[in-house]
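User: I am new to this structure and would like to learn how to read it feature by feature. Could you take me through it, giving the general idea before each case?

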Amino acid sequence: MARSKREMADDVPELDLLAFMNMVVILIPMLLLSVVFIQVGVINITAPKLSVGSSTEPPPEQEEEPLNLTIAINAKGFRIAARSAQLEPMSGCPQPGPTICLANPDVNVAAKFDAARSQLAKGQKEAADVALSEGVTAYNFRELYNTLVQVKKNYPKETVVNLTADAGIPYVVLVQVMDAVRYVREKDSYSTSAEFFDAEPKVEAAAPVALFSDPVLAIAQ
Amino acid sequence: MVEKAGAKGVDQAENVWLEEQSRRRNKKKRKEPAEGGLTMNSFMDILVIMLVFLMKNFGDLPIQVAGPDLQVPTSIAQLGAEDMTTITISRKAILVNNAKAVDIKDGAVDKSQKKGGEASLHIQPLFDRITEENKKAERLAKLLGNKHEPVVTVVADQTTPYRLITEVMYTAGQAELSKFKFAVIKGQASELGLGF
């Protein structure tokens with residue numbers, strides 16, 4: 001007998017798992033790399049009444065004439081209209097022109113967006129990101145917020161905002177506009193962009209206070 | 001002399017035996033692992049648990065928001081996504097519930113796919129797919145006893161031109177879907193890398 005009985009009972013069997021561990025050690029980093037830690041959120045959008053078929057809820061009752069706040073995004077800035085009257089361009093913006101002009105008037109946003117698209121088609125992702133961000137940051141979202149806070153003061157019950165844009169405006173600009181006008185932030189007016197973008201929505205009763213939180217996307221024919 | 005020899009002989013045999021025993025014991029103490037095996041039971045435990053966790057994570061994602069042709073913009077939106085019919089507008093194609101409906105070239109749908117030509121807002125193949133998926137969702141809701149909501153989630157790449165978005169919304173509207181949820185990635189503007 002090579003071993004005595006006592007030694008056989010005590011002997012802990014070793015797992016010969018080299019092959020299995022090979023696979024696991026390769027699989028784990030692969031899965032870790034493909035896990036993307038992102039949180040998906042949604043924005044509720046309404047389309048105007050052009051859908052075929054019955055709607056699930058009756059249209060909301062309106063006691064007074066609706067405000068019809070409209071923000072039109074074009075290559076030169078934002079055009080704000082309310083009650084079918086367009087707001088005059090701000091001081092410092094060229095007249096005639098959009099209500100809120102570009103923060104960087106030298107940037108040709110249409111060209112930037114076209115460049116970004118063509119670069120993406122060619123696969124140059126970093127250059128496309130740069131062009132896209134140059135185009136997006138040319139818009140003055142801070143002034144848009146300031147102006148809309150003033151509008152809200154006169155019409156505190158309105159939360160609907162109609163949004164429309166030129167055909168070539170990319171989706172990211174739309175999302176940034178919706179972000180800028182959705183919640184009331186800590187202050188009513190901001191003078192620097194850095195402060196504006198760092199500001200958190202004001203919270204009341206555990207929910208953020210809405211500024212104009214019901215976007216309706218208008219379909220320009 | 002005989003006794004002495006005898007005693008010595010016994011001693012020697014004993015010594016030999018004793019030495020052998022001690023050698024054997026030392027061998028047992030210095031237990032070398034067998035060729036090609038590793039004593040890594042606890043490490044294996046960790047790896048297997050991590051594997052199970054990652055597999056579960058893999059299957060949990062309801063919406064795909066990143067891919068080679070899809071970069072969804074970031075937003076400070078607070079609402080969470082729900083499981084429902086999705087229309088994905090990537091840079092190369094429009095997909096309904098991850099099945100391709102129509103191709104996109106240079107940010108627009110080819111005019112042959114549109115009912116009514118270039119200026120039309122109605123994309124025919126997309127309309128067909130949406131009605132199909134909507135009917136499926138309706139039947140499923142009826143089966144489960146839930147009420148079917150005519151809502152659809154739109155996942156769009158950040159460079160999608162506004163015109164394409166309106167076309168998709170119009171087409172979905174024709175297919176009796178009136179409410180939309182636009183999917184975004186949650187984040188602060190300052191950390192989005194947009195250069196603000």
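User: Which domains does the domain assignment of chain A give?

Analyst: Domain bounds are taken from an automatic or database domain assignment, and for chain A this gives domain 1 (70-103 + 140-217) and domain 2 (104-138). Before going further, note that this is a predicted model, in which local features need pLDDT of at least 70 and side-chain atom pairs count only at pLDDT 80 or more, while totals for chains, interfaces and linings use all residues. Residues are numbered from 1 along each chain as its sequence is written, and chains are lettered from A and ligands numbered from 1 in the order in which they are written.

User: How many residues of domain 1 of chain A are in contact with domain 2 of chain A?

Analyst: Two residues are in contact if their C-beta atoms, placed from the backbone, lie within 7 Å. By that rule, 9 residues of domain 1 of chain A are in contact with 9 residues of domain 2 of chain A, and α6(A) gives the most to the domain 1 side, with 3 residues. That side divides into 7 nonpolar, 2 polar and no charged residues, where Ala, Val, Leu, Ile, Met, Phe, Trp, Tyr, Cys and Pro count as nonpolar, Asp, Glu, Lys and Arg as charged, and the others, Gly among them, as polar. The C-alpha centres of the two domains lie 23 Å apart.

User: Which strands of chain A pair with β3(A)?

Analyst: Helices (H or I, at least four residues) and strands (E, at least two) are DSSP runs numbered from the N terminus, and two strands pair if DSSP finds at least two bridges between them. Strand β2 (residues 70-74) of chain A pairs with β3 (residues 77-82) of chain A in the antiparallel sense over 5 bridges; a hairpin joins them through 2 residues, and A:Ile71 stands opposite A:Ile80. β3(A) also runs antiparallel to β5 (residues 100-101) of chain A, joined by 2 bridges, with A:Cys101 as the bridge partner of A:Gly77. A further 2 bridges join β3(A) to the antiparallel strand β4 (residues 85-86) of chain A, where A:Ala81 stands opposite A:Gln86.

User: How many residues of chain A are in contact with chain B?

Analyst: Here 53 residues of chain A are in contact with 61 residues of chain B. On the chain A side, the elements that each supply at least two residues include α3 (109-122), α4 (125-137) and α6, and the residues of this side divide into 35 nonpolar, 12 polar and 6 charged.

User: Which residues have the most contacts inside the largest nonpolar core?

Analyst: A nonpolar core is a set of buried Ala, Val, Leu, Ile, Met, Phe, Trp, Tyr and Cys residues joined through C-beta atoms within 7 Å; a residue is buried if 20 or more other C-beta atoms lie within 10 Å of its own, exposed if 12 or fewer, and partly exposed in between, with C-beta atoms placed from the backbone. The largest core has 84 residues, and those with the most contacts inside it include A:Leu174, A:Val177, B:Val154 and B:Val168. Its largest share, 9 residues, comes from helix α6 (residues 171-182) of chain A. Leaving aside neighbours within four places in sequence, A:Leu174 is in contact with A:Leu163, A:Ala165, A:Ile169 and B:Tyr162.
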